[in-house]
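Trainee: I have a model open and want to learn to read it. Where do we start?

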Amino acid sequence: MDIPKGQTIVVIGGGVGGCCTALALARTQQFQIYLLEKNGELMRESSDATPGRMGLGFHYADKETALYYLHATLEFTRKYGRFRQEVGRNETLHPLRRGRYFILKSSLVPVNEILDTYDALKEEYTTMVSEDPSYEVFGRPEDFYRVLEPWEFEEDVATEEIEMGIETAEEFLDWSRLRRFIISQLEHFQDKKMVEIRTNSEVTEISALEDCGAYLIKAVDLSAGGNVEIFAEVTVNASWYNIGKLNKMLGISAFTRKRCNRIKAIITVQLPEALVHMPSMFFCMGPFCMFANKGNRVGMLTYAPETNMAVSTSEELEPEFEHVFFNLSDDEKCAKGQKILAGVSKYIPKLKQAKVTNVKLGIIQTFMDEDTIDFGFKVGNLDLLHDPHVGGIYKRNYSGVEEPRPGYIINACMKLLYCFDNAEIVKDLILSKSAEGSGTESN
Ligand SMILES: Cc1cc2nc3c(=O)[nH]c(=O)nc-3n(C[C@H](O)[C@H](O)[C@H](O)COP(=O)(O)OP(=O)(O)OC[C@H]3O[C@@H](n4cnc5c(N)ncnc54)[C@H](O)[C@@H]3O)c2cc1C
C-alpha cells in the first residue's frame, strides 16, 4: 500500500459514531484515515438496533438532556432531513409523523414536572424558529405538542393505565437509507484513497509511543488471519462498549467518567390490520415501553422490564455480558421476543395479534453520576434501572467526546442522532491541534 501523505488517523469502530467521524475527517482532505471495524460490515451493531427515533426530548425527565437532544435532532434534521421515514411525507400532521407519549398513572415523575419539561421544549423550538426559520423542520411551533382528549386514544390503549396522552411532532428516521448513504460517501473517499475501510479488523492493542507522541495500533485480521500494525498521529476510539477496554491499554481510567453499558433487546413485528395506521406510542416515565410504527406494516417494540437484559459498570466488560450480547441462542431470542410483545400488549391490546419477525440486541452506554450506586455486573432483574432519576443513566446532556490524552480522542455516540455533531467536534479538535507529520504502515 502507498504510504499516505498528511497525518494518519485511525478510527476504531465502524458504528455510526466511527463512520461519521471518518467521513467528516475525509471531507477536510487533509488526512489519511483508517477505519477499523471488527465485523464484516459497517454499522451492524447498536447503530443497527434502533427504531431511529428522531427524539425531540419528550423521552427524558432530565430537562437538560431533553434540550440537548432537541438541539441535536434539529441540527441533524436541517442537514439530513431527507432521511426521515417517508411515510406520511406529504401531510404535516399525518398520524405516523405524530409520535404519541402516554404518561402512566404509575409514572415515577410527576405529571407537572413532565409538562414543565415539555413546555420548555416547545418554547425552545419556538425561539429557535423565530430566530432562524430554517429550524422549522418539525412543523409549526404551535403544533409541537398538544394534550390529547381521552376520546382520541381510548380505543387504542389500556386507558386504566394512562394519566395523560400527548401528541408530539416526533418522527422516525429511515435508518437503512441513511446507513447506505454514509457507506456510499465513505466508499467515495476510499476510491480517492483518503479513507481505507478495513472490516473484519479487530483492534487488540494500542500503545503510546512516548518519544514521538504517536500511537501504535495492532489489529487482527479476522477473515484472512494475520496482524496489521498502523502508526497513527491521532487515534479515535469509537468502539462503544469496548471504549473502556481499549482505554485501559493506555492506562486511562481516572480521566474519563464512569460508564454504564446496558444490553437492550428490541423486536420487529408484523402489524395486524388494526394497527397499520396507528401513530407510534411511548409509555413513560418509569419502566419505559415503546411501539414505533415504521410503515409498511412493520413495528418495533421495547418493554423495559424485558428489554433491559444486562448491565455493567465495569471498565472492561465481563465475559457473561459479552456472552448475552453475542451468544444468545435463537430459542432464547424467540422467548425474549414473545415476552416483549406480551409486555407492550398490556398497554396496546391490539398488538396481541402482531407476529414477531426479528429480535435484535444492542448496547446503550451512558455516563454514571459520580456519587451514585455502582451496578457492577447484573443480568436479569434490573428494576433499579427503571427510575428515570437513577444515577445519571437517563441523562445524555453531553456529546460523549473526550480527549483524555493528546491525540487520543474518545467518541461515544450517546444517541444515533448525535453522530454528525460528534463528528464535527472530533474534527475540530483535531484541526485545532494542527499537528504535523505523516504515518506509515507495516504488515
Ligand atoms: C435498542 C436500541 C434503541 C435505540 N434507539 C435509539 C433511537 O431511537 N434514537 C437514537 O438517537 N438513538 C438510539 N439508540 C442509541 C444509538 O443506537 C447509539 O447511541 C449509537 O448507535 C451508538 O453508535 P456507536 O457507533 O457509538 O456504537 P456501535 O454502533 O455499537 O458501533 C461500535 C462499533 O465498534 C466496533 N468495535 C468494537 N470493538 C472493536 C474493536 N476492538 N476493534 C474494531 N471494532 C470494534 C463494533 O463492532 C461496532 O460496530 C438506541 C440503541 C439501542 C441499543
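Trainee: How many residues does helix α8 have, and what span does α8 reach from its first C-alpha to its last?

Mentor: Some ground rules. This is a predicted model: local features need pLDDT of at least 70, side-chain atom pairs count only at pLDDT 80 or more, and totals for chains, interfaces and linings use all residues. Residues are numbered from 1 along each chain as its sequence is written. Helices (H or I, at least four residues) and strands (E, at least two) are DSSP runs, numbered from the N terminus. The expected span of a helix is 1.5 Å times one less than its number of residues. Helix α8 (residues 330–345) has 16 residues and reaches 22 Å, close to the 22 Å expected.

Trainee: Which residues of α8 are buried?

Mentor: Buried means 20 or more other C-beta atoms, placed from the backbone, within 10 Å of the residue's own; 12 or fewer is exposed, in between partly exposed. In α8, Gly337, Ile340, Leu341 and Val344 are buried. They lie on the same side of α8, because they cover an arc of only 100° around the axis. The arc is that of the directions from the helix axis to the C-beta atoms.

Trainee: What do the buried residues of α8 pack against?

Mentor: Contact means C-beta atoms, placed from the backbone, within 7 Å. The partners are β13, β15 (289–293), β16 (298–303), α6 (304–307) and β18.

Trainee: Which residues are closest to the ligand?

Mentor: The shell takes residues whose C-beta atom, placed from the backbone, lies within 6 Å. Here 37 residues surround the ligand, and Gly13, Gly15, Ser47, Arg53 and Gly362 are the closest. Elements giving two or more residues are α1 (16–27), β9 (201–209), β13 (259–270) and β18 (355–367).

Trainee: What does Cys19 touch?

Mentor: Leaving out residues up to four places away in sequence, Cys19 touches Gly14, Leu35, Leu42, Met43, Ile182 and Leu186.

Key:
Contact = placed C-beta atoms within 7 Å.
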